[in-house]
Amino acid sequence: MAISVWENDDHVAISVEGRFDFNLHQAFRAAYRNCDGSSTRFSVDLGDVQYLDSSALGMLLLLREHAGGDGRKVALCNCNPPVKELLKLARFDRLFTLI
Amino acid sequence: MSGVGESNPEQTLILREDEHPREVPGEVWKILIVDDDDEVHHVTRLVLADLCHGGRGVCLMSAYSGQEARHLLHAHRDVSVILLDVVMESEEAGLHLIRHIREELNNSSVRIILRTGQPGQAPERRIIIEYDINDYREKTELSAQKLFTSVAASVRAFETIQQLQAINSNLEEMVAARTQDLRLACQDLRRTAEELQAHRDRLQYEQELAKALLANVHEAERLDFPNLRYRLWPVDVANGDLILAARAPDGRQLIMIGDFTGHGLPAAIGALPVADLFHREVGRGCNIRSLISSINDELHRKLPRGLFLAACVIEVGTDQIVHAWNGGVPAAFVYSADAGVRERITSSDLPLGVVPSGELAFDIQHLSTRRGDRLFIYSDGLVEARNPEGEMFGEKRLEHCLREHGASETFFERVREQVEAFLAGNPQADDITMAELVLHAT
């Protein structure tokens, strides 16, 4: 599976693997849609992402909105250099917590 | 002789049946004796009365003519063995009955033992070849034991045929059921295929709509500035690259290159208000900062979350100072033929439409330029073009192109050649837009 999800009380960890593009649109949304965004922290593990496009950035923005528009509640983890470069190109480091 | 059956077949039929011990179908083997000689009936009944096979006894039925036999067979489709005389109401009454049974009643399972007293009338060799019978006996040679054996063997053969028929009909039922299943599955598949085709058609329609919308935006652009040249290198599907340029009333030039998230219709829909707003704002003399702000606010208000416009906006003052802002597209360059790349305009802000303008950094670079300088801006499709190994074209190769061919008339063609060589047959995945602005143009 390109998207895996682990949940506990107040934390949802989403892991993305391979190409993070429009094809994952539904699966990515399904990963968090049923969680209460106001009381949940989210982390998205991008460690196994080889490719990320602007649709993926759009999906991350939708997750951020689900979390109440608070970038401190959405962490993007394990970004490899090309992914980090793209996130910084779009200045998404200002919208999310990069760890 | 034959007069019995002809006078009143219904009547005789009932009379004969009264003699039978029981008439429960399936529980006895029905054996039909067809002969015009009463004595034959009598003897046969004596011989076969206690015949029993598979726990089932026999029910012996008598007909005294071919005609009477027809009536009985019509009423009893499950007769297992017929002991048949040849000469009765006519010379070949028995033979006619065989044809009737096999061809008209279409009964191939009943076992027929031909039993003749006048073999001259029905020679064995001819009969066994021409008529579908199962045994041929002369009455004179047919002892009680031989009769019993022949009938018992015939009952067994009939039973086997019945079993085979049951298996066959069971198989046929299974085949029919399976065929029905397959037919239903096939119908489902056909319906799914039709649905898919309908989706495909709608998608194609939307893509064509998107392309037409974007084409209208591009066509409406009057990018006829002598110091600006540009090239759009779109892929089949409208991916949403956008290039806009306009001159303010006071002579400042504003150029914007943008790339919407996603593909097709959403990108095209976003492009429409941006183009309108760009021309309106520049036309009323706004500066780069307020232009960025109004486009950003418009998009943030109107676009659904997740859809945004990565863009680079350039303002060239009448003093040829370049004011540049980059939100999410690869670095633009200021370069000259002799000095190569002198300035890089890298992304320092969020793309347009993501946050309200109050949250943008508005980190605008101000660059002084000199004669011979050129500004090169492009969409990410150029540096993100990937070869079959997954490697990206990248800024390094682009800078190399700029150094080699930058100021030449055929610069765009050279870039295109380089990218195509790099793709090595891989399809172009994203729109590529390039624009070059000559600064200090007189």
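In the predicted model, B:Ile377 has B:Ala435 of strand E15 in chain B as its bridge partner. This contact belongs to a region where strand E14 (residues 373-378) of chain B and E15(B) run antiparallel to each other, with 5 bridges between them. Strand E15(B) also pairs with strand E6 (residues 228-233) of chain B, again in the antiparallel sense, here over 6 bridges. Within E15(B), B:Thr433 stands opposite B:Leu232. Strand E15 of chain B, which spans residues 432-438, is mostly covered, since 6 of its 7 residues are buried.

The loop between helix H12 (411-423) and E15 of chain B contains B:Ala424. The phi angle of B:Ala424 is positive, near 50°, although the residue is not a glycine. B:Ala424 counts as exposed because it has 9 C-beta neighbours inside 10 Å, and a residue with 12 or fewer such neighbours is classed as exposed.

A positive phi also occurs at B:Gln320, likewise a residue other than glycine, with a value of about 65°. B:Gln320 is placed in the loop that lies between strand E9 (309-316) and strand E10 (322-327) of chain B. Because 16 C-beta neighbours lie inside 10 Å of B:Gln320, this residue counts as partly exposed; the count falls between the limit of 12 or fewer for exposed residues and that of 20 or more for buried ones.

Terms used:
Residues are numbered from 1 along each chain as its sequence is written. Chains are lettered from A and ligands numbered from 1 in the order in which they are written. This is a predicted model: local features need pLDDT of at least 70, side-chain atom pairs count only at pLDDT 80 or more; totals for chains, interfaces and linings use all residues. Helices (H or I, at least four residues) and strands (E, at least two) are DSSP runs, numbered from the N terminus. Two strands pair if DSSP finds at least two bridges between them.
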